[in-house]
Amino acid sequence: MINEGKIVVLGSGESGTGSAILAHKKGFNVFVSDAGKIKDKYKTELQKFGIAFEEGGHTESLIFQADLIIKSPGISENSSIVRNAIQRGMSVSSEIEFAGAYTKAIIIGVTGTNGKTTTTLLIYHILKKSGLNVGLAGNVGYSFARQVSEQNFDYYVLELSSFQLDGMQSPILDVGVLLNITPDHLDRYNNSMANYTQSKMRIVNLIKSGGAVVYCADDKIIKSSISTDSDRIRYYHFSLEPLVGEGAGIQNEEITINIHQNPISMSIHD
C-alpha cells in the first residue's frame, strides 16, 4: 500500500465517500469522480473535508494522474474507465482492501449468494453480546473505510458481496465465511456461472496465513470448487449431515461442533 501521493475514488456513495474520508485523513491528495449525480449528503461531507470532486462524468486527464484508484463496488471492472486504467498499468483497489490496511482489528468476512446479511448480523450480535468491541460494515451499515477512519474497533464483521470481492488481492481477513453459491448477478459476469463462482471463491484467498474459512459442505458448487489441501489456513465445514472431521454437523437431532479435536454436542431443540 502506498503511503503518500494522489488517490482517485471512483463513485461517491457510502463506500466511495468513506474511502475518500479515510484517504484524506491518512494524508493523501484525494479526488472523487462520479459518472452520475452525487447525493447532497455525500457532497456535504466531501466539502466538509475539503475533498475535490466531480459529478456527471469522469475526467480522464485527472483520473489517470493518480497513484492509486479506489473503485466503488457498484462500478464493474469491465467499465471503460477501469479497463483503461488497468491497461495503463495503474493500481486499482477496493474500499475493503484499502481500509483493511489501516486497521489492526480482527476481520471476519461473510459472503454467499443468500443469507449474507442475516449471518453477518448474527455474528455481530453474538460478539457484541459477548462484550467485544466490534464494528459492523461492508454491504451493511456504514462503510468499512468510514468506520476505520472514525472508530477504533477490535473486531469487524463484514458482509461482502461478489462486487466487493472483485479485484481484491490482499489477504486482510482473519476468518472467511462462505455460505452458498447459486446463480445471481450473472449479467455482471458475462453470463458465466464460472466467473461468478470464481468471484465468490475469492474470499478463500483473502484470508491471512493462519486464519480460517468456514464453508457449507452441502453446497455442491462450493464443495467442487474449494481445495482443503493447503496448510496456509484452517478449514471448517458445516453440514446438515453427520460431522466428519472438524466443523459442525447434525446427527440424531443433535448438533455436533468439533474444533481443535474438542467436540461439543447439543440438541437442536434446545
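A pocket here is an open set of points on a 1 Å grid over the protein atoms alone, where a 1.4 Å probe fits, with protein on both sides within 12 Å along at least five of seven lines. The model is predicted: local features need pLDDT of at least 70, side-chain atom pairs count only at pLDDT 80 or more, and totals for chains, interfaces and linings use all residues. Residues are numbered from 1 along each chain as its sequence is written, and side-chain values use heavy atoms, without hydrogens or water.

**View 1. The largest pocket holds about 440 Å³ of space.** Volume is the space filled by probe spheres set on the grid points, which are joined across faces, edges and corners. Lining residues have an atom within 4 Å of a point. There are 13 of them, and Thr119, Ile123, Ile126, Val177 and Val214 lie nearest the centre.

**View 2. The lining draws on α6 (116-129), β9 (173-178), β10 (207-216) and β11 (234-238).** Each supplies at least two residues. Helix α6 gives the most, five. Helices (H or I, at least four residues) and strands (E, at least two) are DSSP runs numbered from the N terminus. The lining has 12 nonpolar residues, one polar and no charged. Nonpolar means Ala, Val, Leu, Ile, Met, Phe, Trp, Tyr, Cys or Pro; charged means Asp, Glu, Lys or Arg; the others, including Gly, are polar.

**View 3. β11 pairs with β12 (residues 247-251) in the parallel sense.** Two bridges link them; pairing requires at least two bridges found by DSSP. Histidine 237 stands opposite glycine 247 of β12.

**View 4. β12 and β13 form a hairpin.** Strand β13 covers residues 254-259 and runs antiparallel to β12, over five bridges. Isoleucine 250 has isoleucine 255 in β13 as its bridge partner. Two residues separate the strands, and asparagine 252 in the turn has a positive phi of about 55°.
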